[in-house]
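Subject: Structure handover and findings

Hello,

Here is the structure you are taking over. Please open it next to this email as you read.

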Amino acid sequence: MESGFSGKTALVTGGTSGIGESICRLFARQGAGVFVHYNKNKEKADKLAEEIKGFSVQADVSNEKDVKKMREEVLRKAGGLDFLVNNAGDIDWIESYKQVTELMWDRVVDANLKGTFLVTKEFAGDLSKASGAVVNLGSTAHFESKFPALHYNASKAGVASLTKSFSRQLAPKVRVNSVAPGFIKTNFEEKYSKEKIKQILDGIPLARFGEPDDVGKVVLELCSSKFGYVTGQTIIVDGGRITP
Ligand SMILES: NC(=O)c1ccc[n+]([C@@H]2O[C@H](COP(=O)([O-])OP(=O)(O)OC[C@H]3O[C@@H](n4cnc5c(N)ncnc54)[C@H](OP(=O)(O)O)[C@@H]3O)[C@@H](O)[C@H]2O)c1
């Protein structure tokens, strides 16, 4: 086992699937103690936590009471926190703004934007004590605005803005960066036709969709001291598809 993060503690929100699961496994492989956060998927969180010898922890990240409870549990079990990865997120696969209801807006924006704010606010003091790092999951969606779910795009633009604001307000103790993935092999392939998939792939210079680990590895690098002079930045991980 590598030991780059030995003795450190990481909390990964939305850690049960896709990119979040990859980040949890990569942290554990580097020797960190990992809190696998979930909202509804307790079974998967418990199983992954057991496998990587970490802990599972529950919260709806858009609910302040839940987030405070989660912090108490993390502190009770680990005593502090070194790394926070705000990965939990929601999305709607729609074609037009006309389909976005108020409920959909609130669910997606609350999970992605309010959740990132509440969790960072709650753990900021603990991260300061540890000279830790925060990494937020953004998206290329807000840079290019082609993705029809404009409430999702807006929420991720907000995440980029929170990244910059928190990076100033938590400096010099805590670095805050974000990673903006493009098309990562999680579940989006089920949502598009074969023709659409080919069309997207043709637009990726590195000629493949990303793997969750492609994103996870960048998240871990941003947490490491190698990136000790980098804060407030958004790193795009999309195989070169967009050039904002
Ligand atoms: N996959 C991509 O291609 C891609 C591209 C760009 C950006 N991203 C971003 O990268 C992150 C991970 O994406 P993914 O595709 O790997 O995600 P995913 O597999 O869909 O997982 C999302 C996670 O977020 C959690 N979640 C959703 N709403 C929540 C809430 N209100 N409170 C707490 N947890 C909540 C879910 O927890 P439960 O299952 O326990 O309910 C789930 O574990 C997201 O922020 C996403 O927007 C992904």
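Below are the ground rules, then the ligand site, the salt bridges and the aromatic pairs.

**Ground rules**

This is a predicted model: local features need pLDDT of at least 70, side-chain atom pairs count only at pLDDT 80 or more, and totals for chains, interfaces and linings use all residues. Residues are numbered from 1 along each chain as its sequence is written, and side-chain values use heavy atoms, with hydrogens and water left out.

**Ligand site**

There are 26 residues around the ligand. A residue counts as near if one of its heavy atoms lies within 4 Å of the molecule. Ser17, Asn39, Asn87, Tyr152 and Thr186 come nearest.

The shell around the ligand divides into 10 nonpolar, 13 polar and three charged residues.

Helices (H or I, at least four residues) and strands (E, at least two) are DSSP runs, numbered from the N terminus.

Now the polar contacts. These are pairs of N or O atoms within 3.5 Å; within protein, one must be able to donate a hydrogen and the other to accept it, and residues adjacent in sequence count only if both atoms are side-chain atoms.

- Asn39: a polar backbone atom is 2.8 Å from an oxygen atom of the ligand.
- Lys40: a backbone N or O atom lies 2.9 Å from an oxygen atom of the ligand.
- Tyr152: here a polar side-chain atom lies 2.8 Å from a ligand oxygen atom.

How much of the ligand does the protein bury? Taken alone, the ligand exposes 900 Å², and the protein buries 84% of that. Accessible areas come from the Shrake-Rupley method with a 1.4 Å probe; for residues, only the protein chains shown count as cover.

**Salt bridges**

The whole structure holds 16 salt bridges. The rule is a side-chain nitrogen of Lys or Arg within 4 Å of a carboxyl oxygen of Asp or Glu.

Start with Glu122 and Lys68. Their closest N and O atoms are 3.4 Å apart. Glu122 lies in helix H4 (residues 102-130) and Lys68 in helix H3 (residues 64-78), so this pair ties together parts that are 54 residues apart in sequence. Glu122 is buried, at 15% relative accessible area. Lys68 is partly exposed, at 39%. The cut-offs: buried is under 20% relative accessible area, exposed over 50%, partly exposed in between (1.4 Å probe, protein chains only).

Glu73 and Lys77 also form a salt bridge, with closest N and O atoms 2.9 Å apart. Both lie in helix H3, four residues apart, about one turn of the helix. Lys77 is partly exposed at 38%.

Next, Arg107 meets Asp92 in a salt bridge of 2.7 Å, N to O. Arg107 lies in helix H4 and Asp92 in the loop between strand S4 (83-86) and H4, so the pair ties together parts 15 residues apart in sequence. Arg107 is partly exposed at 34%. Asp92 is buried at 10%.

There is a network too: salt bridges link Glu21, Arg25, Lys44 and Glu51.

**Aromatic pairs**

The count is 10 aromatic pairs. Rings of Phe, Tyr and Trp (its six-membered ring) pair if their centres lie within 6.5 Å; planes under 30 degrees apart count as stacked, over 60 as edge-to-face and the rest as tilted.

Phe5 and Phe83 are edge-to-face, 5.0 Å centre to centre, with 65° between the planes. Phe5 lies in the segment before strand S1 (9-12) and Phe83 in strand S4, so the pair ties together parts 78 residues apart in sequence. Phe5 is buried at 6%, and Phe83 is buried at 5%.

Phe83 also pairs with Phe27. This pair of Phe27 and Phe83 is stacked: 5.7 Å centre to centre, 15° between the planes. Phe27 lies in helix H1 and Phe83 in strand S4, so parts 56 residues apart in sequence are tied together. Phe27 is buried, at 0% relative accessibility.

One aromatic cluster is formed by Trp93, Phe147, Tyr152, Phe183, Tyr192 and Phe209.

Best wishes

Key
Ala, Val, Leu, Ile, Met, Phe, Trp, Tyr, Cys and Pro count as nonpolar, Asp, Glu, Lys and Arg as charged, and the others, Gly among them, as polar.
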